[in-house]
Amino acid sequence: MVIPGRALTLRQDVCINVSLRDERLTEERARKGARPQKIKFAPELQLALSLSHILKMDYSCSNLETPRKPLRYLSNEEAAVLEAELLREYRFGPQQLMEIWGHACAIAITKAFPLSSLKRHPTVLVICGPSQNGCIGLACARHLRMFDYMPTVYYPKRSTLALHRDFTVQCEKTDIPFLSFLPAEVQLINDAYNLVVDAILGPETEPSDISEPYSSILLALRHIRIPIASVDIPSGWDEANVDCINPTVLISLMAPKKCAVGFSGTHYLVGRILPYDIQRKYELNAPDYHGTDCLVELG
């Protein structure tokens, strides 16, 4: 059959001719009162119909979803090895990592505690420890200040390392106040601040090695009523012991740690900076990040 002015494909031509033939034979048998019979097509038509059926089928793999492997939680030792590889093999600088992580922690806090949800003054107490987490806390405080929060830093044991001094000076030049002591009355902390950022102790610190003034600080944090946001791991936690402070927000860096497997609060992951090959090497099975976000909330 030829339709003037229109070019047909083989499949279209076969389908039209077969359809018309089918209709004519059916009408003819109906006029004669014969029972409709199954039409037998010539072999070449059967082949054409089979091809037509195949061409109509969708063999796209877009609807076939491969089950995602579960997110991997690292031990403290594995996290230390991964970070060392970032520094050594991928030539990330320590100050670069602290800045990236501090900024991401501030972003996480703005998501968990937007300005509109806070009291009249958006005050935040950032408690910094002597090691890497303390440095990240200083960077976080500076970025919170840029986001119109009102951070105050408590940094009881200032490190003499140049990197820590640099971040401390940056906070001071941004007019962020530093506390000389933590109020002994927990109620004073509850009244003065909306939340506490726990940037005290990281995965490198064993709970059994916690000494003053940090043991007293953690004791005070166990009794406050305002929420706590912990950087990387809640201070004092390890795989065998999570009976310390009780944060409502956890911001994991690179990958979540094994001590956080049972964490039930709001959990953010800051891991987008990791190169894809290092993610594959450590089988992190990282979740998808939305748009240009540097962090993702874990379900």
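This report walks through the fold, the sheet, the cores and a few local backbone features of the structure above.

## Basis of the model

This is a predicted model, in which local features need pLDDT of at least 70, side-chain atom pairs count only at pLDDT 80 or more, and totals for chains, interfaces and linings use all residues. Residues are numbered from 1 along each chain as its sequence is written, and side-chain values use heavy atoms, with hydrogens and water left out.

## Overall make-up

Let's start with the inventory. The protein chain holds nine helices and eight strands; these are DSSP runs numbered from the N terminus, with helices (H or I) of at least four residues and strands (E) of at least two. Of its 299 residues, 41% count as buried. Here buried means under 20% relative accessible area, exposed means over 50%, and partly exposed lies in between, using a 1.4 Å probe and protein chains only.

## The eight-strand sheet

The strands form an open sheet in the order E3-E2-E1-E4-E5-E6-E7-E8, with mixed pairing. E3 and E8 are the edge strands, each with a single partner, so one side of each has no neighbour in the sheet. Two strands are taken as paired if DSSP finds at least two bridges between them. At the E8 end, the pairing with E7 is antiparallel over three bridges, and Leu269 has Val296 in E8 as its bridge partner.

Five of its five residues are buried, so E4 is largely enclosed by the rest of the structure. Both of its faces are covered, with Leu195, Val197 and Ala199 on one side and Val196 and Asp198 on the other. E4 pairs in the parallel sense with strand E1 (residues 123–128) over five bridges, and Asp198 of E4 stands opposite Ile127. Three bridges join E4 to strand E5 (residues 228–231), again running parallel, and Val196 has Ile228 in E5 as its bridge partner.

E4, helix H8 (residues 214–221) and E5 make a right-handed β-α-β unit. Right-handed here means that, with the strands pointing away from the viewer, the path from the first strand over the helix to the second runs clockwise.

In soluble globular proteins, nonpolar side chains tend to be buried together. A nonpolar core is a set of buried Ala, Val, Leu, Ile, Met, Phe, Trp, Tyr and Cys residues joined through side-chain atoms within 4.5 Å. The largest one has 49 residues, of which Leu82, Trp101, Ile109 and Val153 touch the most other members. Helix H4 (residues 94–112) gives the most to this core, with nine residues.

Leaving out residues up to four places away in sequence, Val153 touches Val126, Cys128, Leu138, Ala141, Ile176, Pro177, Phe178 and Leu179. A second, separate core of 26 residues includes Leu182, Ile189, Val196 and Tyr214.

## Helix H6

Helix H6 (residues 162–173) has 12 residues and should span 16 Å at 1.5 Å a residue, which agrees with the 16 Å between its end C-alpha atoms. The expected span is 1.5 Å times one less than the number of residues.

Its buried residues are His164, Phe167, Thr168 and Cys171. They cover an arc of only 100 degrees around the axis, which puts them on the same side of H6; the arc is that of the directions from the helix axis to the C-beta atoms. Among the elements covering these residues are H4, helix H5 (132–146) and strand E3 (178–179). H6 is followed by Asp175, whose phi is positive, near 65 degrees.

## Backbone features in the loops

Most residues other than glycine have a negative phi, and most peptide bonds are trans. A cis peptide bond joins Glu212 and Pro213, with omega about 5 degrees, and Pro213 sits in the loop between E4 and H8.

Met254, in the loop between strand E6 (249–253) and strand E7 (266–270), has a positive phi near 70 degrees. Met254 is buried, with a relative accessible area of 6%. Asn285 also has a positive phi, near 55 degrees, and lies in the loop between helix H9 (276–281) and strand E8 (296–298). At 27% relative accessibility, Asn285 counts as partly exposed.

Methods: Contact means heavy atoms within 4.5 Å.
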